[in-house]
Amino acid sequence: APGRPPAEAAGHPVIRVPSVPFRPWYPELFLGLPRPRIGRELDRFEPDVVHVVNPVVLGLWGTMVARQRNLPLLASYHTDITQYAKHLKLHFLSPLSETFLRDVHNQAHVNLCTSTPMVNSARGLGIDRVRLWPKAVDTELYRPSNRSAEMRARLSGGEPEKPLMLYVGRLSHEK
């Protein structure tokens with residue numbers, strides 16, 4: 001993982017890789033840099049499948065490492081990078097990113113998208129084997145019958161009668 005990841009996740013070590021910020025366009029985004037160590041760590045872990053997220057720099061390396069080892073490859077398409085390129089006024093990257101994304105994603109055995117618009121975006125780029133991967137709230141755990149007046153008062157700053165809004169996601173200037 002690029003940046004400053006935790007040392008472990010779900011009891012498994014997280015391997016940090018050097019990274020560089022995508023400055024000046026998107027300084028909070030850190031691009032992980034490929035290292036041969038990734039292949040060695042993958043061999044040590046002995047995965048059944050490799051999952052690459054938005055395979056650009058580090059994900060492209062993960063794709064190559066998985067293909068070298070003949071491991072099933074799952075890619076997830078969360079971000080329409082072609083639209084980011086336009087938003088960041090890097091228009092020259094749009095045609096390149098379309099070709100790149102299609103070619104890299106089409107190496108995966110399956111490509112998961114987190115919403116129907118992203119499924120349509122991926123398919124529009126010519127990405128094959130696209131499936132919807134709905135990320136959702138656990139409706140058994142989080143349901144109206146489990147509400148708590150105490151929690152509502154806490155979350156609303158002691159004004160439970162007022163509207164309360166919750167956003168779960170990454171905040172960035174383009175959103």
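Colleague: Is Glu159 buried, partly exposed or exposed?
Modeller: Glu159 is partly exposed, at 33% relative accessible area. Buried means under 20%, exposed over 50%, and partly exposed is in between, with a 1.4 Å probe and protein chains only. This is a predicted model, where local features need pLDDT of at least 70 and side-chain atom pairs count only at pLDDT 80 or more, while totals for chains, interfaces and linings use all residues. Residues are numbered from 1 along each chain as its sequence is written, and side-chain values use heavy atoms, leaving out hydrogens and water.

Colleague: Which side chain does Glu159 meet in a salt bridge?
Modeller: Lys162, at 3.1 Å from N to O. A salt bridge here is a side-chain nitrogen of Lys or Arg within 4 Å of a carboxyl oxygen of Asp or Glu. Lys162 is partly exposed, at 43% relative accessibility.

Colleague: How far apart are the closest N and O atoms of Glu41 and Arg37?
Modeller: 3.4 Å. Both residues lie in helix 1, residues 37–45. They are four residues apart, about one turn of the helix.

Colleague: And why does Glu41 count as buried?
Modeller: Because its relative accessibility is 18%, and the cut-off for buried is under 20%. Arg37 counts as partly exposed, at 39%.

Colleague: How many salt bridges does the structure hold?
Modeller: Five. Another of them pairs Arg102 with Asp103, at 3.5 Å from N to O. Arg102 is partly exposed at 29%, and Asp103 is partly exposed at 41%.

Colleague: Switching to the fold. How many helices and strands does the protein chain have?
Modeller: Six helices and eight strands. These are DSSP runs numbered from the N terminus: helices are H or I with at least four residues, strands are E with at least two. The order from the N terminus is β-β-β-β-α-β-α-β-α-α-β-α-β-α.

Colleague: What box do the C-alpha atoms fill?
Modeller: Roughly 55 × 40 × 35 Å, along the principal axes. Of the 175 residues, 29% count as buried.

Colleague: What share of the contacts join residues at least 24 apart?
Modeller: 46%, among contacts between residues at least 6 apart in sequence. Contact means heavy atoms within 4.5 Å.
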